[in-house]
Protein chains: 4
Amino acid sequence: MDDIEVEVLAEPELSDPILIEGLPGVGHVGKLAVEHLLEEFESEVVRRVYATEFPPQVTITDGVAELASAELHAVTIADEATDDETDGIDLLVLTGDHQAQTNAGHYRLTEAFLDLAEEIGVQQVFALGGVPTGELVEEPSVLGAVSAGEHIEALEDVGVEFREDEPAGGVVGVSGLMLGLGGRRGLEVACLMGETSGYLVDPKSAQAVLVVLEDVLGFDVSFEALEERAEEMEEVVGKIQEMQDQQGSVPTDDDLRYIG
Amino acid sequence: MDDIEVEVLAEPELSDPILIEGLPGVGHVGKLAVEHLLEEFESEVVRRVYATEFPPQVTITDGVAELASAELHAVTIADEATDDETDGIDLLVLTGDHQAQTNAGHYRLTEAFLDLAEEIGVQQVFALGGVPTGELVEEPSVLGAVSAGEHIEALEDVGVEFREDEPAGGVVGVSGLMLGLGGRRGLEVACLMGETSGYLVDPKSAQAVLVVLEDVLGFDVSFEALEERAEEMEEVVGKIQEMQDQQGSVPTDDDLRYIG
Amino acid sequence: MDDIEVEVLAEPELSDPILIEGLPGVGHVGKLAVEHLLEEFESEVVRRVYATEFPPQVTITDGVAELASAELHAVTIADEATDDETDGIDLLVLTGDHQAQTNAGHYRLTEAFLDLAEEIGVQQVFALGGVPTGELVEEPSVLGAVSAGEHIEALEDVGVEFREDEPAGGVVGVSGLMLGLGGRRGLEVACLMGETSGYLVDPKSAQAVLVVLEDVLGFDVSFEALEERAEEMEEVVGKIQEMQDQQGSVPTDDDLRYIG
Amino acid sequence: MDDIEVEVLAEPELSDPILIEGLPGVGHVGKLAVEHLLEEFESEVVRRVYATEFPPQVTITDGVAELASAELHAVTIADEATDDETDGIDLLVLTGDHQAQTNAGHYRLTEAFLDLAEEIGVQQVFALGGVPTGELVEEPSVLGAVSAGEHIEALEDVGVEFREDEPAGGVVGVSGLMLGLGGRRGLEVACLMGETSGYLVDPKSAQAVLVVLEDVLGFDVSFEALEERAEEMEEVVGKIQEMQDQQGSVPTDDDLRYIG
């Protein structure tokens, strides 16, 4: 096996496909968002990427092992008005269970993802993720970061916030490198980051990010499933707050960190 | 020395050999199981694998140093009825004291092991290990995971359990990659995982795994030595429980972790 | 992207340029010092260095992402008397937000920096940094270390202290390798280390280092901005000392480590 | 700079030189021992080895930086009776301030050291080090480990102890790989390990190791300097024991670990 190995599963015919990245990260916001897209729309796995940078791990589903990988899914969203796929939007959705584990690995994998996307015709990229606020957020805003200033206005028009020097620590991982490396290739890259506590898996933040994406790209998706998950999480949060009230103490990071 | 270096010690003539992997892991279940096979049957070291991924370490036996390595042993089990080796089962047993220490190292080493096994004619692989339950297990079940769904039924017939989404964290290390990388090569790979607390070296769990292997492959092995070790461990466990009863407290991970 | 990738942004005509390195380190002394130079004098970015050894990270300024990098800036300081740039000093100032994260990465990056500097004509290097004292320093001295003994006298003449076996742990990171690898190339390298507590960002120590540099190279720079920052830090220190007095305890590392 | 870079400083004419390795390790026993040899006999640095695996660090002596390296020193010990160097013993002494920091780095560096030694004619290697006992040792024994069983007897004759399965954890680092990799090259390698607490720099243990080396190789060295250092250490130990007596407690690892 090479350091990075690509399995070609299908050769979709996509028209101006847009790459949507949602790998694991803060609040699992990006991953929840792209998984929701894959559940709501028909999709086809077109590439699977294996890498020696991923953990030496298989996931087991019904007893059958699958090697750690990231996948590119082709999604075609028909035009809402005409219900005609040829008028719709083509997405290339990148997801998976792992990020790389070394600095160099992050760079190499992101380059591989961008290579694959460009081969399939991608010119525009949305990297989805969360931005940690450290406290529970009732109405999560969506922060933006872009590869070039000219892309800001269109995003601000649909409610994306651009704040001076935020996020303070920059953007890390694949989403950060999509911006950095994709931008250097001349791609139009935007990172959409839903505010999230950082302590919980956050379907509400994922929804906020998707609402922006709907507006930018012009499609419609049902949020029922995400809203149900958000309600479940709110019950969890309610129970935690009850426990805190009884203890008369603020929740510590340890109380919250691994819930979800 | 290359990153991985193979020493050829013998060229055994094996008929449809089956690879049995038992490197160190949870409860040392896999390693105990294959060591028991090597003690009970005649065997011959056929390959020794050195790797710069292994710790920079030698083991000392009677003053003589041996460089960290993994070994492939040829084992021929004569047919029980005819006592004729040509009717029996040929195993290629992989064991050693170390796993790799980086992600990429795990991938490279497992690929090397599979290359060697395929050169010797292996088509079928059993990766032996333990699955941690977090508590002492009276009658350990054996969980299974396979490279392809078609192999499940035969294993269920001999009592291997396949549970939905278990083990939850997947399978890691060489056993996991045997499934993942071996499966991608078209080999028939099964991972047999004995339930074990995760705190103690567990000969009873190793025996449970071997009983399954006996049934699948059709051989007979004495378990006297393993049962003795299991009794010794039970004495240790008894003493720990006594100590806990006196202290009126549940054992912590730290009490138990390094015992065995 | 290669492991290290260099973007050429300008080809300045510099006369006997002197490399001034100030990457992040103890008390951010080196980085504060070179940033002050870049603020006080006109400068031009001439090279940008990207590396897979840097964190997989972009910084965000006004919503626009910039990939982790180090930069070489050309600075021309006109002669004080004649105010003529051709009589002045040419500096090549190296700064950035990151150091490498592995041993080998530090070596490779420093070699890359030295390659670039030599191509631009550098023969002499000053690596600026801090040396931790563990306690607040009223009047920070500047310690020196050089690539060859013949460079000591000139530095002692302007107040740089050379102490037997200090700094005790040697010099680490890019500054250390500037000395070690630069010296092996035959460059004249000096490391100037301002004393600093090690707990706080230290503009006063940065100023002490720059005063030495002024004297060695013969230029004049206003310290107003650094002095303002130093005053702000002193207020912070004052508040910490107040808190300690109230608690009647000495400050712990944790109290102080991340302040600034 | 290559991953490993060798500087040739001299081409000594040595007759059947014996490699003596003493890099930093448990109780600094090996390093103390070889440093003592270099102080007591005339020596010449013949090779300096730089490596990107070493820390990115320079040591500073009287203000002058020296890049992290390991050195091979040629030592010629004249025959005691004839005082004739041509009848004496030639040693190649390997020392330095660092070990590698990754598994693969340890393997690569040891191979490099062995390559250099073989080029200079080395057939026999003594790796010097300490073996931790966890308690203060009045009369340290010297444990042995060898690359081949035939070398045991000669060492037992001069008092080296070979114990079954000791040291329990094997031998790690460069000393371990000298045995493992040197043995695979067909060199005669012995590791001599002085018992030492593991908490203190231990000149007494270094002396015990050198006494064995004297007997094996047939040379005489004064131990005055080592004995003085041992006395200094005993004063330190005395003070620690006093402190313990006052506190009525046994010393913890933390009390002792970094003393010396």
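Hi everyone, let's start with how two of the chains are arranged: chain A superposes on chain C by a rotation of 90° with 0.1 Å of shift along its axis, at an RMSD of 0.0 Å. The two copies are therefore related as by a four-fold rotation axis. In chain A, the C-alpha nearest that axis belongs to A:Thr102, at 7.1 Å. Please keep in mind that this is a predicted model.

Now for the contact between these two chains. Chain A brings 29 residues to it and chain C brings 23 residues. Together they bury about 1,900 Å², with 53% of that on carbon and sulfur atoms. Which three residues of chain A supply more of its buried area than any other three? They are A:Asn103, A:Tyr107 and A:Arg184, which supply 35% of the area that chain A buries against chain C.

A:Arg184 comes up again, because a salt bridge is a matter of distance between side-chain nitrogen and carboxyl oxygen: its side chain meets that of C:Glu5 in a salt bridge, 3.2 Å from N to O. Between chain A and chain C the count is three salt bridges, and 13 residue pairs are in polar contact across the interface.

Which elements of chain A touch chain C? Those that each supply at least two residues are α2 (103–119), β9 (142–146), β10 (171–172) and α4 (173–184). Of these, α4(A) gives the most, with seven residues. By class, this side of chain A has 13 nonpolar, ten polar and six charged residues.

One last thing to look at: β10(A) pairs with strand β4 of chain C, residues 57–61, in the antiparallel sense over two bridges. There, A:Val172 stands opposite C:Gln57.

Technical notes. Residues numbered from 1 in each chain as written. Chains lettered and ligands numbered in written order. Predicted model: local features only at pLDDT ≥ 70, side-chain atom pairs only at ≥ 80, totals over all residues. Heavy atoms only, no water. Least-squares fit on C-alpha atoms with pLDDT ≥ 70 in both. Contact = heavy atoms within 4.5 Å. Buried area = accessible area lost by both parts, 1.4 Å probe. Salt bridge = Lys/Arg side-chain N within 4 Å of Asp/Glu carboxyl O. Polar contact = N/O pair within 3.5 Å; in protein donor to acceptor, adjacent residues only side chain to side chain. Helix = DSSP H or I, 4+ residues; strand = E, 2+ residues; numbered from the N terminus. Nonpolar A, V, L, I, M, F, W, Y, C, P; charged D, E, K, R; others polar. Pairing = 2+ DSSP bridges.
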